[in-house]
Amino acid sequence: MELFNTKELLKHLNQDEKSDIQIQKVTNGVISLFIAELKAGKTLAAHYHNEGDEIYQILAGKGNIEIGELSGDEVKWINDYTVSSGDIFEIKPKIVHRLSNNSDEALQLIFFTPSNHLNEDRIFI
């Protein structure tokens, strides 16, 4: 067994090469746990995954998650939710999503997802 502390993990995040989010992979399995931070004023660009669910929990801060679907080469945005500390939500496969932080503080979160969601199964729009 390994024991992790979210406050310590948040001190050692790495900049994602393909987006504005800072991230750290915590566990490595079929489903992996990640901890992340989206700085004030930053956005995780619209993208989707072909397979596997993502489950998010907001640890601190406030932001918006937009949900949509592809219509040809364009996104038809369906819902926009304000999320804040304590909120949990799930993103299903092939659902376009975009996370924004329009506040003055960092948006900190953990999420469970297949490991390939940050590599070959992350399709940016």
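From the N terminus on, the elements run α-β-β-β-β-β-β-β-β-β-β-β, giving one helix and eleven strands. The model is a predicted one. Its C-alpha trace spans about 45 × 35 × 25 Å along the principal axes. For 125 residues, a compact globule would have a radius of gyration near 14 Å, and the value for this protein, 14 Å, agrees with that.

Six of the strands form an open sheet in the order β1-β2-β3-β10-β5-β8, with antiparallel pairing. The partner of β8 is β5, to which four bridges join it in antiparallel fashion; in one of the pairings, I55 has E90 of β8 as its bridge partner.

The largest nonpolar core has 18 residues, and I65, F89, L99, L109 and F111 have the most contacts inside it. At least two residues of this core come from each of β3 (31-38), β5 (54-60), β6 (62-71), β8 (88-91) and β10 (107-114). Leaving aside residues up to four places away in sequence, I65 touches N79, D80, Y81, V83, F89, I91, H97, R98 and L99. A second, separate core of seven residues includes L10, V26, L33 and I35.

Over the whole protein, 42% of the 125 residues count as buried. Among contacts between residues at least 6 apart in sequence, 70% join residues at least 24 apart. The accessible surface comes to about 7,200 Å², with 47% of it belonging to carbon and sulfur atoms.

Definitions and conventions:
Residues are numbered from 1 along each chain as its sequence is written. This is a predicted model: local features need pLDDT of at least 70, side-chain atom pairs count only at pLDDT 80 or more; totals for chains, interfaces and linings use all residues. Side-chain values use heavy atoms; hydrogens and water are left out. A nonpolar core is a set of buried Ala, Val, Leu, Ile, Met, Phe, Trp, Tyr and Cys residues joined through side-chain atoms within 4.5 Å. Buried means under 20% relative accessible area, exposed over 50%, partly exposed in between (1.4 Å probe, protein chains only). Contact means heavy atoms within 4.5 Å. Two strands pair if DSSP finds at least two bridges between them. The radius of gyration is taken over C-alpha atoms; the globule rule is 2.2 Å times the number of residues to the power 0.38. Accessible areas come from the Shrake-Rupley method with a 1.4 Å probe; for residues, only the protein chains shown count as cover.
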